[in-house]
Amino acid sequence: MAQIRVENLRKSFDQFTAVAGSNFTIDDGTFFAMLGPSGCGKTTTLRMIAGLELPTAGRILLDDADVTALPASARDIAFVFQLFALYPHMNVRQNIGFPLRCQNHPRAEIKRAVEEAARLLRIDHLLDRRVGGLSGGDRQRVALGRAIVRRPKAFLMDEPLGALDSEFRRLMCGELRELHDRIDATTVYITHDQLEAMAMADCIAIMNGGRVEQIGAPQEIYDRPKTMFVADFIGAPPMSFLDVHTALRRGDRVIRIDGVPVDMPELFEDRAESRFALGVRPENVSFADASDLRGRVIGAEYLGTTQIVTVTTASGQLKARLPSGEPIQVGETVGLKLRPDRLSLFDTASGLALSSALYAGGHGG
Ligand code: ATP
């Protein structure tokens with residue numbers, strides 16, 4: 001399989017910039033997800049990697065070879081679309097074997113490769129069936145079979161599960177990841193579903209407005225978002241933000257919210273007085289009678305084992321994930337405790353995390 005590297009990759013359509021200078025390396029064997037809202041440039045990036053779209057600027061390297069100007073057919077990359085058109089008049093065996101037949105491989109080799117792909121996908125019992133009568137999931141497996149049969153250097157998948165219902169999506173997510181591991185693939189997978197990306201990927205790139213906002217392992221992105229956009233996009237519910245207007249001093253371990261001192265990790269830089277946003281995930285908020293940081297409960301959403309409680313404070317709203325057995329009264333005033341080592345601090349004007357300040361010692365940057 002292959003390493004994929006993109007360098008300063010840009011794509012403009014007339015005056016509109018769809019991809020604004022991306023840089024990343026996808027290591028051999030990685031399951032890499034590109035996640036972001038509709039229109040953020042995911043498909044355009046993938047199409048450039050596939051060779052279906054020529055970049056306006058920048059380079060694409062496949063195992064260190066510059067493939068930027070090569071057509072798709074010369075890249076040895078398989079592309080799986082959401083609406084993958086199978087040939088309805090052919091059976092499963094003929095559909096899967098199609099790419100090898102086009103390349104005039106010997107019949108015996110095609111038979112062996114098709115049967116191996118079908119076994120990997122657990123559709124070997126369907127090989128002689130017409131694709132027309134197959135379920136959505138089996139059709140998707142046939143499409144994957146057609147992609148893996150020629151063992152390309154990398155798989156590019158653009159929302160391949162988008163057309164499936166949610167229960168089936170979860171099942172196919174597990175199968176896709178398992179397939180990736182079994183054939184030791186390099187996979188680039190586009191989705192706008194954060195749960196799908198978090199569950200499947202080794203590494204996620206979060207895109208927004210043509211730019212890559214952050215690249216990292218799912219937990220790193222969840223725990224240490226580099227921007228307010230990422231903090232807000234990842235997590236259900238997303239990170240809550242409290243307004244802070246203050247100056248920051250190197251060595252500070254306390255920040256004042258509503259005049260109440262709140263512990264946080266030591267700061268490693270000075271900042272002039274400005275507006276900041278203190279970010280906290282719902283599971284890092286608890287209720288504590290003795291706390292001077294007070295808020296009023298304005299809603300509670302029951303989720304089975306937990307509940308999401310919305311509290312309003314003088315510095316903004318935050319959400320707490322509490323055990324569902326904890327009695328909550330809408331309208332009551334509660335004390336709030338924030339887990340200090342899990343707080344994020346953002347510069348509100350730039351939206352950037354002061355991660356180097358909060359997470360010194362190898363976690364920041
Ligand atoms: P989605 O999840 O909706 O597919 P996306 O993140 O994949 O979104 P892209 O399809 O890459 O986004 O599109 C990025 C932007 O570029 C969009 O605003 C889109 O309208 C624009 N765009 C894409 N292709 C073209 C084109 N051929 N001509 C003009 N604009 C285009």
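A residue is called buried when its relative accessible area is under 20%, exposed when that area is over 50%, and partly exposed in between, using a 1.4 Å probe and protein chains only. Keep that in mind for the first stop.

This is a predicted model, where local features need pLDDT of at least 70, side-chain atom pairs count only at pLDDT 80 or more, and totals for chains, interfaces and linings use all residues. Residues are numbered from 1 along each chain as its sequence is written, and side-chain values use heavy atoms, leaving out hydrogens and water.

**Stop 1: helix H1**

Select residues 42–50, which form helix H1. Helices here are DSSP runs of H or I with at least four residues, strands are runs of E with at least two, and both are numbered from the N terminus.

**Stop 2: H2 against H4**

Two packed helices are described by the angle between their axes and the distance between the axes. Show H2 (92–102) and H4 (136–148) together. They pack at an angle of about 30°, with axes 7 Å apart; axes are lines fitted to C-alpha atoms over the stretch in contact, and angles run from 0 to 180 degrees between N-to-C directions. Their crossing is right-handed, meaning that the near helix is turned clockwise from the far one by less than a right angle.

Next, show side chains. Val92, Asn95, Ile96, Phe98 and Pro99 of H2 meet Val142, Gly145 and Arg146 of H4, where contact means heavy atoms within 4.5 Å. These residues divide into five nonpolar, two polar and one charged. Asp, Glu, Lys and Arg count as charged, Ala, Val, Leu, Ile, Met, Phe, Trp, Tyr, Cys and Pro as nonpolar, and the others, including Gly, as polar.

**Stop 3: the largest pocket**

A pocket is an open set of points on a 1 Å grid over the protein atoms alone, where a 1.4 Å probe fits, with protein on both sides within 12 Å along at least five of seven lines; lining residues have an atom within 4 Å of a point. Select Ile77, Ala78, Phe79, Pro99 and Arg150, which lie nearest the centre of the largest pocket among its 18 lining residues. Strand S6 (77–80), H2 and H4 each give two or more residues to this lining.

**Stop 4: the second largest pocket**

Finally, select Arg93, Gly97, Arg101, Arg107, Ile110, Lys111 and Val114, which line the second largest pocket.
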